[in-house]
Amino acid sequence: MVAGVETHVESAGTDDDGRQAAGHVRMFGPLTISRDGVVQELAASRKLRALFAYLALAPHPVSRSRLCELLWDVPNDPRGELRWCLSKLRRVIDDPHRQRVVTAGEMVALDLAGWQVDVRDMVAACAAGIEALPPERLHPLARLFVGDFLEGLEIDRSPHFDNWLLAQRRHFRAAHVAILERIVATLPAGDDAALPYLEKWIAVAPFEDRPHIALLAALARRGQIAAGDEHVTATARLFEAEGLDVLPLRAAWRSLRERRAPGPSVAQAETAVHLTAEVRPASGGGTPDLMVAPRASQRASLAVMPFAEEGQTGEVRAGGAGAAGARGGLADGLTHDIITRLAKLRNLFIIARGSVFALAEQGVMPDEAARRLNVDYIATGSVRQSHGRVTISIELVEARTARIVWAEVFDHKLDKAFLVLDEMGNRIVASIA
C-alpha cells in the first residue's frame, strides 16, 4: 500500500495484520526512522526529512513539480536536489526485494505497508471520530504525543512547506485535546487516574475553559478548596495577561464550591463548557453575577475563518491582509460571500463575519477560535493566484473531535473564482448533514 491515511496501526510494533512491523516511524517529536530497534541515520538535510514526512502523509502520489515547489526556493537545479533526496531515502527505507520509494514518471510516493507510523495511526483515529473510539484505544493514542509534530523541522525560505507544517500541527494539537478530553469524560467519577490527563490537557490548551473547569471539579470533589482557589488565581492572571475573559471560570468555581456536597463529577463539570455565559445585574446592586444558560439554538454551528491568501511568490497573508494590514483581497471576498450565503440557511447557525475576522486579526488559530466561539464546525481555506488562475483549498473540521469532515481543492480561471461559491456552500451543508 502506498503511504497515506488509509493505513491503520492497531498496536505498537505491529502492522495492519498484527505482524511484526518492518520499520517504525515517529513524527511526534523529532522525526525518527528505525528498523529492528536501530535508529537509521539520515543525511544532515532538513529538506530530506521534510520530503519524507510530506510523502508519508500524502494520500496519493505527488508530482515532482509540486515537491520542488514545496521545498526549494528557486535553486539552481531543484529536480537534481529532489533526485539526491530520493536516493538517500532509498538507502534508508528500501528493502532488498521491495522498493519503498516508488517513482513512476513524474509521480513520487512512499510504500510504507507493514510499517508502524505514529501519525498515520492518529490520522486514522481522527477519520473514524475520536468520540466513537473505545477507552482502550484512547490511552495508547494519548501516549503517541511525545512532542510536537516534526519538532524542530522548520525550513527557511520554504513558505509552502511551512504553511503545510503549521496546518498539520494545528490539526494534531486539536486531536490531542479531543483525545485528552474524551479520556477524562470516560473515566469514573473520582478516579485519580484522571488527574494526569487533566494536567496534560491544561498544558496543551492553557487558554481553554474546559480543562480548568474539569480540574476544579476534581479538586472540589476531594475537598481541596485551597488548591482550587490557588488554581483559579494563577489561571486568572494567565487569562488576563492574554486579554481573555476570566468571569466564566470564576463563576464555575464559585458554583462548584457551593455544590461540593456531594461533589459534581468531572463529566458534570465538563457539561459547563457547552454553556454560554450571560451577565445579569446582581440583586441589590454591586458586581454583576454570571448566570450560565444553555445555548438556545440547537442548530449545528459553524465558523468560517478568513481564508489565507498566498501570493505568487509563495508568501502567505492571513485573510488577504496586505503589508499595512489593509483588507479586501480575493481571499477576504470569498470568505465574506461564503458566510453571507450560508447565513441564509435556516439549518445552520453561522458566526458573524466581524467575529471571525476579529479573531483572525488577533492571530487566534482556527482550533482555538472554534473553542472560543463554542461552535460545532470550523471551515478554513487558502487562495492562491498564479498565471491567470486561482486555486482555492477548503477544509471543514468537526471542532470537538478534530475530524476532517470534508476537504477539497478548486482550480479555475481567475474571472470564474466566485462561481464555485454555490458548490462550496452545498458541500459544506451536505458534509455537516
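## How two helices cross

A crossing of two helices is called left-handed if the near helix is turned anticlockwise from the far one by less than a right angle, and right-handed if clockwise. With that in mind, the crossing of H8 and H10 is right-handed.

Keep in mind that this is a predicted model, where local features need pLDDT of at least 70, side-chain atom pairs count only at pLDDT 80 or more, and totals for chains, interfaces and linings use all residues. Residues are numbered from 1 along each chain as its sequence is written, and side-chain values use heavy atoms, leaving out hydrogens and water.

## H8 against H10

Helix H8 spans residues 209–221 and helix H10 residues 247–258; they pack at an angle of about 20 degrees, with axes 10 Å apart. The two are therefore roughly parallel (an angle under 35 degrees).

Where do they meet? In contact (heavy atoms within 4.5 Å) are residues of H8 including His 212 and Leu 216, and residues of H10 including Leu 249 and Trp 253. By class, this contact has nine nonpolar, one polar and one charged residues.

## The two sides of H7

Helix H7 covers residues 194–204, and its buried residues (under 20% relative accessible area) include Tyr 197, Leu 198 and Trp 201. The buried residues fall within an arc of 165 degrees seen down the helix axis, so they line one face of H7. The face turned away from that side carries Glu 199 and Ala 203, which are exposed (over 50%).

## A buried histidine

His 171 lies in helix H6, residues 159–186. His 171 is buried, with a relative accessible area of 13%. Leaving aside residues up to four places away in sequence, His 171 touches Cys 126, Ala 402 and Ile 404.

Methods: Axes fitted to C-alpha atoms, helices over the stretch in contact; angles between N-to-C directions. Helix = DSSP H or I, 4+ residues; strand = E, 2+ residues; numbered from the N terminus. Parallel < 35°, antiparallel > 145°, perpendicular 65-115°, else oblique. Nonpolar A, V, L, I, M, F, W, Y, C, P; charged D, E, K, R; others polar. Buried < 20%, exposed > 50% of the residue type's maximum accessible area, 1.4 Å probe, protein only. Arc of directions from axis to C-beta.
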